[in-house]
Every structure is written in structure tokens, then in C-alpha cells.
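Let's walk through this one together, question by question. Here is the chain to look at.

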Amino acid sequence: MTKLIKDFCDGDEFVGFYIIKEIEAKQTNSSIPKDYLDIVLADSSGHISAKYWEASKLDIETFFPMSLVKVQGMVQVYREKLQVKVVRIRKTTEQDGVSVTDFIRAAPVGADELIPTIENAINSLTHNDIKSIVTFCFEKVKDTLHSAPAAKSHHHAYYGGLAYHIVRMLELGEFISQQRPFLNSDLIKAGIILHDIAKPVEMISEYGMVIDYSIEGKLIGHISMAANWITEAAIKRGIDLESNVIMSLQHLVLSHHNLGEWGSPVQPQLPEAVALHYIDAMDAKLQMVEDMLQTTAESEEWTPVIRGLENKAIYRLKI
């Protein structure tokens, strides 16, 4: 039986089936450079970095992202993180009896529940122009939202992750709107639905795994794309481009990362924009913690460091 990645421990030797999430051919820094494959192996429990040091030219031409492979390897610790040294690797065959869907990590709530929840939130919007714009943008990605991840690796990076992220944020947003009635609840809901709405176009994914970024994703990015969609919606729906509605929705999207180095050209300067940033950050960071706890063996007291938490590890407290 294939050992789950989350159960890997230092010193383990294993043989099992996994999916290649990422792969890149590189060369060593030795005096005589040698080719090797830098791989991220994944299954339904998580992912792990792997190195295949004995890669041939044929190997480089054979293995690609989303390839199902049988791997013989050893688990080692490198820079305080577990890493696999691949001894042997081959593509799976029909006789192996495995399927891609066996290795896909998915949101804990299915699209049949998540998508209607988002649609209900849109239908609950009371401002006609806001509702019209959010509906227009949502329809652009509705057909892909059931599977789209929210990120490549940072948070909610799995099948249905984006819809799950939006729904969890809507739950937080509803609470914040009730607790702080000075906030415009329509803008809170709209900002939550729109803030990452362009990610299915920004990222090229299969089964919830990001293979690459699209040309638009690389040259424009999801934040600017979503702001452009708001303008497009206004033009097609006959809404004044200079209205406060358009400006506020674009500001929500453009500022939700808060800082320029995080991708936002402006910082939050509307009350709802401040709320949106922290709602997004709270859900993303808590999901990073939850995901790391779920994908780290329960026998381990400390998780690996989490990049999105300033490279801090999480202690599994038992009381």
C-alpha cells in the first residue's frame, strides 16, 4: 500500500504511486554539471519536494506535471524540511490500476454546496449596480470555479479551493458586518466575491493543481484583471464609469493585498477595504495552518515552517 506523503518520516524508504505536481530539469553546481530533476510529488494528503539526481535526457523528456508515477525513494531532512531522494521512477501503466483522481486533494466542501452559497450571496445584494457587476464577473468564471484552486501553493491550493476560500470569507464577512454595522454589507460581500475572481484565468490548472500561469496571469495578474472586468461590466451594463460604485469596487480589488510588494498598487482606504484585507488575510493564514497540520504526520510536534506566516512553524499543542 502506498504510504501517504503526510506520514513520511526522516529515514523512511518507500515504494508507491504519486502524482507530479511540479517538475523542472536543472543542473548541479559541480565542476562537471549533471542533469537532475527537481520535483514536487503530491497525493491527496499533501506534497513534498523530491530530487532525482540520476536523471537522463530521456527522463527529462518523459516526465511532466500531472504525470502519475511509481517512485522508489528515501526520505531525508534538508534545511529542516523533509525531502525525497528518488532512487527509481517510472510512469504508471494501465496495469497499475491507479487514477489521477486517487491523488487529488480537494476542498472539504463540494462544489454542489459552495457554488450555490456564492450565488445566494450575490442574489442577496440590495444595490442593483453592485449586484449587476458582481453577477457579470461571476459568470465569467462560473464554469471553472467548481475546480479552481485559490493559489499555486500558498493557501487553498487544491481542487475547489477558490470557491471554498470565498465561502469561508463570506461567513467571516457576515459576522463582521453584523458586529460593525457602519460597514456597507453589499460592498463587503462584493469585495469578497470579486477579490480573487480572476484567478481561474490567471492560473492554468488541472484537477486543482496549478501547472503554470497564463500569459494574462504573468503580464497582468488577477488583481488588475478583476479591476478591468469591473470596468467591462459597467460598460456593458450601462453603469456610469465615474460612479462611486465603480471606484469603490475597483478599490476593494486593487487594495486587498494591502502592500505593493504583495501585489496591491494602493493600500485600503475605504472602511470596507480595510475589512476585506483582514478577512482575506485571516482566512488565508488560518487555512495555511490547518493545511499544514493536516499534511504533517500527527507524530510530529512541530510542522514545517509556513512561508506565509513569516517562516514560522506551528506547534501541535495537546491539552
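Predicted model: local features only at pLDDT ≥ 70, side-chain atom pairs only at ≥ 80, totals over all residues.

Q: Which residue of β4 is the bridge partner of Y18?
A: β1 covers residues 13–27 and runs antiparallel to β4, with seven bridges joining them. For Y18, the partner in β4 is V69.

Q: Which residue takes a positive phi in the hairpin of β4 and β5?
A: β4 (residues 68–78) pairs with β5 in the antiparallel sense, over ten bridges. The hairpin leaves two residues between the strands, and the one with a positive phi, near 50°, is R79.

Q: Which residue of β5 does K51 stand opposite?
A: Strand β3 (residues 46–52) runs parallel to β5 (residues 81–91), and three bridges join them. M74 stands opposite K85 in β5. K51 also has its place opposite a β5 residue, and that residue is K85.

Q: Why can the chain be called as compact as a globular protein of its length?
A: The chain's secondary structure comes to ten helices and seven strands. The globule rule (2.2 Å times the number of residues to the power 0.38) is set against a radius of gyration taken over C-alpha atoms. For 319 residues the rule gives 20 Å, so the chain is as compact as a globular protein of that length, its radius of gyration being close to that at 22 Å.

Q: What share of the residues in the chain is buried?
A: Buried means under 20% relative accessible area, with exposed over 50% and partly exposed in between (1.4 Å probe, protein chains only). Of the 319 residues in the chain, the buried ones make up 46%.

Q: What percentage of contacts between residues at least 6 apart in sequence join residues at least 24 apart?
A: A contact here means heavy atoms within 4.5 Å. Among the chain's contacts between residues at least 6 apart, the share joining residues at least 24 apart is 57%.

Methods. Residues numbered from 1 in each chain as written. Heavy atoms only, no water. Pairing = 2+ DSSP bridges. Helix = DSSP H or I, 4+ residues; strand = E, 2+ residues; numbered from the N terminus.
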